[in-house]
Amino acid sequence: MKALVAVKRVVDYNVKVRVKSDGTGVDTANVKMSMNPFDEIAVEEAVRLKEKGAVSEVIAVSCGVTQCQETLRTAMAIGADRAILVECTEELQPLAVAKLLKALADKEQPQLVILGKQAIDDDCNQTGQMLAALAGWPQATFASKVEIADGRAQVTREVDGGLETVSVALPAVVTTDLRLNEPRYVTLPNIMKAKKKTLEVVKPADLGVDVTPRLKTLKVSEPPKRGAGIKVPDVATLVAKLKTEAKVI
Amino acid sequence: MTTLVIAEHDHGSLKGATLNTVTAALQCGGEVHVLVAGHQAAAAAQAAAQIAGVTKVLHADAPQLAEQLAENVAAQVLALAGAYSHLLFPATAHGKNVAPRVAALLDVAQVSDVTRVDSPDTFERPIYAGNAIAVVQSSDKVKVLTVRTTGFDAAGAGGSAPVESVAPVADGGSSRFVGREVTKSDRPELTAAKIIVSGGRALGSSDKFNEVLTPLADKLGAALGASRAAVDAGYAPNDWQVGQTGKIVAPSLYIAAGISGAIQHLAGMKDSKVIVAINKDPEAPIFSVADYGLEADLFEAVPELVRQL
């Protein structure tokens, strides 16, 4: 069976982002971009399922600007077999991405779609669930363990208060949590091999999807700064301050 | 204009996050109804009826709703959605699981982790791990939101709304509940605790983590939290993780012991009222957000703190 993995190009998680002074957004010019960390975990899981023989082909998909090709090459260097870029320059919101992925799923007929649980730029945590809804498939979100057997996926999920296990009929959507796996490092030979793999480029219009944003961002601002704190010399002073100054204990 | 809050509950009682979500719902204007979907959850429905400001409780009771599977709960919400202008879920693991499914089926965008309601169609939410705040406006006919509970006070008691039974939806059948492993804890719930004692990688082992931090938490009646590094190293269970990818907390006192203060951790706790940092490294970023910083070895400072309290 085929597995489809969705990957997003985002500002690298180590970068301290700056809000543009005109309040229109975050400055992403000349900032290091990488694959969303949760998506790396998604690609790794798909490749591991292939190595175990549960999956026959791994297709990486990304939606966005031309430079997303780099992200797809990284996915192929991890082990994805081929890639599809849905190229567009407009802002893409989760609902639009979910519709694009649904259209690709109709075309490619995967039994499993794996996504990260959230992107670290918009922090939405929506796309996987939306795709499952649009496709009419079951979902297993925030996965920390995935097992495929007998046309079902048994998935352990991280929930508030502990872990929960569900069994979903395939085709299904799985979104990854941090502890699902540790993504492998891409090696130079694999980077070279990835350059030879197929990367197909399509447009939203080819898929018949309207990607017009539904939410309008009116303003982006810096979060309120915390007042400067003080350093205390010893535990006694700390206790005194907490009791008399902050009055929290 | 009427708002429906989808309650999170354990059948016997409501989860605290539901109360914060009701407060956000009241700020959207109009009446507030609460949906309690579950199996034999009459007690939770009664609890919802007593929340101040709630005018009606809808109670859907069926075995297929017992385990709160996203497919069935989303279908239940959709069956009722026609009467509402706003659908609000707490931004907990459960709310985040279900809300986008509902939004997609209604063909509307969802606004995640709302921290402020500016007007019935304009909301504030943090992006980039809380390093920027976006104000977004929705033109969709139905607003589907998840509510960051630390952004809103808990709604009080004193209501007496009628509880109305609604027809449960049929089982979707594609998803099955297998089992649950609950982390046992006698402590206050992390997201609702007034005081949190949190530990990082510097604790060095799971034994040390418990040995050093438990007495302090006991003394303060605090919940225990952990950084992602401590969780990944296996010193603390997953659901103690505070941060962008774990729990978002805003207690009145947050004590960070041996936590450097990576962006992803700060995103989960920087709205705490008072932050105390105990760290050996004077350059640790945690000191830039701490109200009181103590540059010391936590293995000496924490036991000393316990003695002096």
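Seven salt bridges are counted between chain B and chain A, a salt bridge being a side-chain nitrogen of Lys or Arg within 4 Å of a carboxyl oxygen of Asp or Glu. In one salt bridge, Glu164(A) pairs with Arg180(B), and their closest N and O atoms are 3.3 Å apart. Please keep in mind that this is a predicted model, where local features need pLDDT of at least 70 and side-chain atom pairs count only at pLDDT 80 or more, while totals for chains, interfaces and linings use all residues. Residues are numbered from 1 along each chain as its sequence is written, chains are lettered from A and ligands numbered from 1 in the order in which they are written, and side-chain values use heavy atoms, with hydrogens and water left out.

**The interface**

Let us stay with the two chains for a moment. In all, 80 residues of chain B are in contact with 75 residues of chain A, contact meaning heavy atoms within 4.5 Å. The area buried between the two chains is about 6500 Å², and carbon and sulfur atoms give 54% of it. Buried area is the accessible area (1.4 Å probe) that two parts lose on being put together, summed over both. On the chain B side, Arg101(B), Tyr128(B) and Tyr292(B) lose the most area to chain A, together 11% of what that side buries.

Polar contacts can be counted too: 45 residue pairs across the interface of chain B and chain A, both at pLDDT 80 or more. Such a contact is a pair of N or O atoms within 3.5 Å; within protein, one must be able to donate a hydrogen and the other to accept it, and residues adjacent in sequence count only if both atoms are side-chain atoms.

Asp122(A) is a residue to look at here. Leaving aside neighbours within four places in sequence, Asp122(A) is in contact with Lys8(A), Pro94(A), Arg125(B) and Ile127(B). Asp122(A) sits in the loop between β6 (112-116) and α4 (127-135) of chain A.

**Strand β4 of chain A**

Now to the strands. Helices (H or I, at least four residues) and strands (E, at least two) are DSSP runs, numbered from the N terminus. Strand β4 (residues 57-64) of chain A has seven of its eight residues buried, so it is largely enclosed by the rest of the structure. Buried means under 20% relative accessible area, exposed over 50%, and partly exposed in between (1.4 Å probe, protein chains only).

Strand β1 (residues 2-6) of chain A runs parallel to β4(A) and is joined to it by five bridges; two strands pair if DSSP finds at least two bridges between them. Ala6(A) has Val61(A) as its bridge partner in β4(A). With strand β5 (residues 82-87) of chain A, β4(A) pairs in the parallel sense over six bridges, and Ala60(A) stands opposite Ala83(A) in β5(A). From β4(A) the chain passes through helix α2 (residues 68-78) of chain A to β5(A) in a right-handed β-α-β crossover. Right-handed means that, with the strands pointing away from the viewer, the path from the first strand over the helix to the second runs clockwise.

**Loops and backbone**

Most residues other than glycine have a negative phi, and most peptide bonds are trans.

The peptide bond from Leu170(A) to Pro171(A) is cis, with omega near 0°.
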